[in-house]
Amino acid sequence: MTAEKSKYTFMKKYLPFLIVLFSLVSCEEDVRFNTPSFQGLKDNVFWRAIQTRATLASNGSVVIEAYSGYELITLKITSTTLQTYFLGTSSSNTATYVLKDANGEVTFITDFGIGNGQVQVTEYDDVNHTISGTFKFNAENVDDNPLYGSELNFQQGVFYKVPVSPAP
């Protein structure tokens, strides 16, 4: 009976320690970084770009492009200054969404008097050549393609540390 009692004492003392030890050893960290990033809610469905890039023109304007499969989003703003750029009020600050699929191509845009929204630049890193900010817009279907509706809504959009290169 003493052997059984010592076995019970051993289990009572060391079993919690062994459980904690195995739980710590079995933990796995699966950390993924999404830098650069361009994402948002397209018509209330999560959308993320596969590839992003930005181009800085000689006049200081910036074009940010985000690709995802057959989709392209282009944001054009007049400078890298940390401010909010309103869409639908001029042809200088615009948002464009283009989808190419089996049904053809459809384009949604904001422009002077067309659509609305905003792009806010929250960070421009002149040393590392990256740009970050937020965006939202309502763009109109300029192709009048009835398969895709008359308007496209993007909200809670974020672009983060998108690499900026000078225009060729």
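Analyst: Happy to; we will go from the overall layout to the core, the charged pairs and the aromatic rings. One thing to keep in mind is that this is a predicted model.

User: What makes up the fold, and in which order do the elements run?

Analyst: The protein has one helix and eleven strands. Starting at the N terminus, the order is α-β-β-β-β-β-β-β-β-β-β-β. Of the contacts with a separation of 6 or more, 53% are between residues 24 or more positions apart.

User: Which residues touch the most other members of the largest nonpolar core?

Analyst: That core has 29 residues, and Phe38, Ile64, Leu75, Ile131, Phe137 and Phe159 touch the most other members. Strands E4, E5, E6, E7, E8, E9, E10 and E11 each give two or more residues to this core. E11 provides the largest share, five residues. As general background, nonpolar side chains in soluble globular proteins tend to be buried together.

User: What does leucine 75 touch?

Analyst: Leaving aside residues up to four places away in sequence, leucine 75 touches Phe38, Val62, Val63, Ile64, Thr94, Ala95, Val119, Phe135, Phe137 and Phe159.

User: Why is serine 132 called buried?

Analyst: The relative accessible area of serine 132 is 3%, and the cut-off for buried is under 20%, so serine 132 is buried. Serine 132 is found in strand E10. Among the residues that serine 132 touches are Gln120, Val121, Phe159 and Tyr160.

User: How do you know that glutamate 71 and lysine 42 form a salt bridge?

Analyst: The distance from N to O is 2.6 Å, and the rule asks for a side-chain nitrogen of Lys or Arg within 4 Å of a carboxyl oxygen of Asp or Glu. The pair therefore counts as a salt bridge. Glutamate 71 is in strand E5 and lysine 42 in strand E1, 29 residues apart, and the pair links distant parts of the chain. With the buried cut-off at under 20%, glutamate 71 at 13% counts as buried, and lysine 42 at 19% is buried too. By this rule the count comes to four salt bridges.

User: Why does the pair of glutamate 123 and lysine 161 count as a salt bridge?

Analyst: Here N to O is 3.7 Å, and the limit is within 4 Å, so the pair counts as a salt bridge. Glutamate 123 is in strand E9 and lysine 161 in strand E11, so parts that are 38 residues apart in sequence are tied together. Glutamate 123, at 31%, counts as partly exposed, and lysine 161, at 25%, is partly exposed as well.

User: Why is the pair of tryptophan 47 and phenylalanine 154 called edge-to-face?

Analyst: The ring centres are 5.7 Å apart and the planes make 85 degrees. Rings pair if their centres lie within 6.5 Å, and planes over 60 degrees apart count as edge-to-face, so this pair is edge-to-face. Tryptophan 47 is in strand E2 and phenylalanine 154 in strand E11, 107 residues apart. Both tryptophan 47 and phenylalanine 154 are buried.

User: How many aromatic pairs does the structure hold, and which residues do ring pairs link into a cluster?

Analyst: The structure holds nine aromatic pairs. Ring pairs link Phe38, Trp47, Phe135, Phe137, Phe154 and Phe159 into a cluster.

Technical notes:
Residues numbered from 1 in each chain as written. Predicted model: local features only at pLDDT ≥ 70, side-chain atom pairs only at ≥ 80, totals over all residues. Heavy atoms only, no water. Helix = DSSP H or I, 4+ residues; strand = E, 2+ residues; numbered from the N terminus. Contact = heavy atoms within 4.5 Å. Core = buried A, V, L, I, M, F, W, Y, C linked by side-chain atoms within 4.5 Å. Buried < 20%, exposed > 50% of the residue type's maximum accessible area, 1.4 Å probe, protein only. Phe/Tyr/Trp six-rings, centres within 6.5 Å; stacked < 30°, edge-to-face > 60°.
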